[in-house]
There are 2 protein chains.
Amino acid sequence: MKLASLKSGRDGRLVVVSRDLSRFADASAVAPTMQAALDDWDAALPRLTELADGLESGRHAHQPFDPAKCASPLPRAYQWLDGSAYVNHVALVRQARGAEVPETFWTDPLMYQGISDVVIGPHDPIQIADDAWGIDLEAEIVVVLGDVPMGATRAQATKAIKLIMLVNDVTLRNITGPELAKGFGFVQSKPPSAYTPVAVTPDEFGKSWDGAKVDLPLLSFINGKPFGKPVCSIDMTFDFPTLVMHAAKTRPLGAGTILGAGTVSNRDDDGGPGRPISDGGLGYSCLAEQRTVETILHGKPSTPFLKFGDRVRIEMNDKDGRSIFGTIDQEVVRYTPPK
Amino acid sequence: MKLASLKSGRDGRLVVVSRDLSRFADASAVAPTMQAALDDWDAALPRLTELADGLESGRHAHQPFDPAKCASPLPRAYQWLDGSAYVNHVALVRQARGAEVPETFWTDPLMYQGISDVVIGPHDPIQIADDAWGIDLEAEIVVVLGDVPMGATRAQATKAIKLIMLVNDVTLRNITGPELAKGFGFVQSKPPSAYTPVAVTPDEFGKSWDGAKVDLPLLSFINGKPFGKPVCSIDMTFDFPTLVMHAAKTRPLGAGTILGAGTVSNRDDDGGPGRPISDGGLGYSCLAEQRTVETILHGKPSTPFLKFGDRVRIEMNDKDGRSIFGTIDQEVVRYTPPK
C-alpha cells in the first residue's frame with residue numbers, strides 16, 4: 001500500500017495512492033492525517049488496505065495523483081532519529097574533517113535527532129539564507145514506526161516498522177564542523193528535510209525487503225545528472241531493527257517516529273572509497289563524500305557544494321524499473337527573511 | 001493565564017486553570033488540545049483569556065483542579081530544544097567528566113534537541129530499567145513558542161514566547177559520557193521528561209519577567225529535602241530570545257516548540273561553585289553539579305545519583321510564596337519491559 005499527504009493545513013490530508021502512482025483515493029474517512037493513522041495503526045491498516053485494493057481494481061472513486069500537491073507523508077513529526085548505519089560514509093566524512101573515527105562506531109550505532117517540527121514537501125524549494133554554509137544533500141532510506149516499547153526486542157522492533165520512505169536530509173557542511181565540536185549534535189546544521197511523495201508499506205517490496213534492509217539502489221541526481229546509485233542493503237553495518245532497538249534502549253518511541261539509516265554509501269569493488277558514476281562507480285549520496293574521496297585522491301576537493309539554482313532529485317525504482325516512492329525534486333533557493 | 005492538559009488519549013484535553021490552581025474550566029470549545037491552541041494562537045488567545053477571566057470571577061462553570069490527573073501541558077511535542085544558558089553548569093559538569101570547555105561556549109549557545117515524542121505527566125513515575133545508568137534530575141525553566149520565522153529578529157523571537165513551564169529533564173549520567181563522545185548529542189542519555197501541571201502566559205509574571213528572563217528561584221527537592229533554589233535570571237549567559245534566535249538561524253521553528261535554558265545554576269557569592277542548601281548555599285538543579293563540586297573540594301563525589309524509590313519535586317513560587325506552575329513530583333521506579 002502507498003500513502004501520501006496532500007498539502008492541507010499543518011498536517012496534510014491522508015490519501016491512498018495507486019501502485020503506479022497515477023491516481024489517489026481520499027482516506028480521510030479512515031483517518032484525517034497520516035499521524036492519526038499511525039496513532040491507531042492496527043485499526044486503520046485493514047480499512048486503508050481495503051481502499052487501496054479498491055483503487056487498484058478501479059472500484060473506488062479516484063483522482064489523478066500529482067506529487068507537486070503533496071506535503072511529505074508526515075508534514076510534521078514528533079521525532080526524526082537518524083542513525084549512521086553506513087559507517088563507510090561516516091569514516092570518510094570524518095576523515096575529510098580531520099576528525100577521528102572511534103572503534104565503537106562499528107559496533108555502537110551513531111544516531112542523532114533531527115528536525116521534524118517543520119518538514120517540507122517533496123517538490124518544495126530548499127531555502128537557505130547563505131550558500132557559504134556549504135549546502136549538501138543526503139539521500140537516505142527511512143522507516144516510519146508505530147509505538148515501540150522501551151527495551152524493545154528485535155521482534156518488537158521489526159514489527160514496529162510500518163512504512164518506508166526516502167529523505168533528502170539537507171546538511172550545511174560548513175556549520176557542521178563547529179557545531180559537532182560542541183558535542184550536542186546538529187541544530188543549526190540541519191535545515192528542514194523533504195521526504196518522497198509517498199510512504200510505502202514493507203509488503204510492497206516483495207523480496208527486496210527482508211524485514212531489516214531494502215535491497216535496491218538509491219538513486220540521486222544533481223541538475224539531472226546521475227550522482228549516486230548505491231544499494232541500500234550493502235555496507236549497511238546496522239539494519240533497521242538494530243537501529244530501532246538502539247533508539248528504544250532507555251525509553252519508548254511514540255507512533256510516527258521516523259527513523260533513518262543515514263547517508264547510503266557503498267565501498268568500491270576493490271574495498272576503497274566509491275568512484276563517481278561517470279567513472280563507472282556507484283557514485284555518492286552526498287557531496288561531502290565525493291569531496292572527501294577527491295581529497296584522498298588529489299589532495300583537495302574539486303566538486304563544489306550546492307549553489308542557488310541547483311536541483312536535487314532522489315528516487316528508487318523496483319526491480320522492473322518502476323518508481324516506488326515518486327521523486328524528491330527540489331531546487332536550492334536563496335531565503336529572504338520576512339520584514 | 002494558566003493552561004493545562006488533562007490526561008486523555010495521546011494529546012490530552014485542554015483546560016484553563018485558575019490562578020490559585022484550585023479549579024479549572026474546560027477549554028475544548030476553543031481548542032481540543034494545547035497543540036491546536038498553539039497552532040492558531042492569535043485566534044485562541046482572546047477566547048482562552050475570556051474563559052480565564054470568567055473562571056477567576058466565578059462566572060464560568062468549573063471543577064476542582066487535580067494535578068495528578070494532568071498530562072504535561074504538551075503531552076507530546078514536535079520539538080524540544082534545550083540550550084545550556086547557565087554556562088557555569090556546563091563548565092562544572094564538563095570538569096567532572098574531564099572534558100574541556102571551549103571558549104566559544106560563553107558566546108555561542110550550546111543547544112541539543114531532546115525527546116518529545118513521548119512526554120510523561122508531572123506526577124508520573126520516572127521509569128528506568130537500570131539504576132547503574134546514573135539517574136539524575138535536571139530542573140529547568142522553559143518556554144513554549146508560536147511559529148518562528150527562519151532568521152528571526154530579537155523582536156520576533158521575543159514575541160514568539162507564548163507560555164512558560166518548568167521541566168524535569170531526566171538524564172542518565174553514566175550513558176551521557178560515551179554517547180556525547182560520539183558527537184551526535186543525546187539519544188539514549190535522555191529518557192522522557194515531565195513538565196509542570198500548568199503552562200503560564202508571560203503576563204502572569206508581572207515584574208518577574210522582563211521579556212527575556214524569569215527573576216525567581218527554581219525550587220528542587222529530593223525526598224522532600226530542599227536541594228536547589230538558584231535564581232533563573234542570575235548567571236543566565238544567554239536569555240530566551242537569544243536562544244530562540246540561535247535555534248532559528250537556519251530554519252523556521254514550528255508552533256509548539258519547547259525551548260529550554262538548561263539546568264539552572266548560580267555561582268556562589270564568592271564566585272566559586274555553589275554550596276548545598278544545608279551549608280547556606282543556593283544548592284543545585286542536578287546531582288551531577290553537586291557531585292562535581294564535591295569532587296573539586298574533596299577529590300571525589302559523595303552524593304549518589306537517584307535510586308529506585310527516590311522522589312524528585314520541582315516547583316516555583318511567586319514573590320508572595322504562591323505556587324505558579326504546580327509541582328512536578330515524581331518517583332524513580334524500576335522499569336520492566338512488557339512480554
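This is a predicted model: local features need pLDDT of at least 70, side-chain atom pairs count only at pLDDT 80 or more; totals for chains, interfaces and linings use all residues.
Residues are numbered from 1 along each chain as its sequence is written, chains are lettered from A and ligands numbered from 1 in the order in which they are written, and side-chain values use heavy atoms, with hydrogens and water left out.

We begin where the chains meet. In chain A, 55 residues are in contact with 55 residues of chain B, contact meaning heavy atoms within 4.5 Å. Between them, chain A and chain B bury about 5,000 Å², 54% of it on carbon and sulfur atoms; buried area is the accessible area (1.4 Å probe) that two parts lose on being put together, summed over both. A:Y78, A:K182 and A:F184 supply 19% of the area that chain A buries against chain B, more than any other three residues.

Charged side chains also join the two chains, with a count of 10 salt bridges between chain A and chain B, a salt bridge being a side-chain nitrogen of Lys or Arg within 4 Å of a carboxyl oxygen of Asp or Glu. In one of these, A:R76 pairs with B:D39, their closest N and O atoms being 2.7 Å apart, and both residues belong to a network of salt bridges that also links A:R10, A:D11 and B:D147.

Aromatic rings come next. Over all chains the structure holds 15 aromatic pairs, where rings of Phe, Tyr and Trp (its six-membered ring) pair if their centres lie within 6.5 Å, and planes under 30 degrees apart count as stacked, over 60 as edge-to-face and the rest as tilted. The rings of A:Y78 and B:Y78 have centres 4.0 Å apart and planes at 15°, so this pair is stacked. It crosses between chains, each tyrosine lying in the loop between β5 (70–71) and β6 (80–83) of its own chain, with strands (E, at least two residues) and helices (H or I, at least four) taken as DSSP runs numbered from the N terminus. Both A:Y78 and B:Y78 are buried, a term for under 20% relative accessible area, with exposed over 50% and partly exposed in between (1.4 Å probe, protein chains only).

A second pair between the chains joins A:F186 and B:F184, whose ring centres are 4.9 Å apart with planes at 70°, so the pair is edge-to-face.

Within chain B, the charged end of B:K190 sits over the ring of B:F186, 4.8 Å from its centre, which requires NZ of Lys or CZ of Arg within 6 Å of the ring centre and within 35 degrees of the ring normal. B:K190 also meets B:E138 in a salt bridge (3.5 Å, N to O), and the pair ties together parts that are 52 residues apart in sequence. B:K190 is buried, with a relative accessible area of 3%, and B:E138 is buried at 5%.

In chain A, A:E204 forms a salt bridge with A:R19, the closest N and O atoms being 2.9 Å apart, and this pair links distant parts of the chain, 185 residues apart. Here A:E204 is partly exposed at 24% relative accessibility, and A:R19 is partly exposed at 46%.
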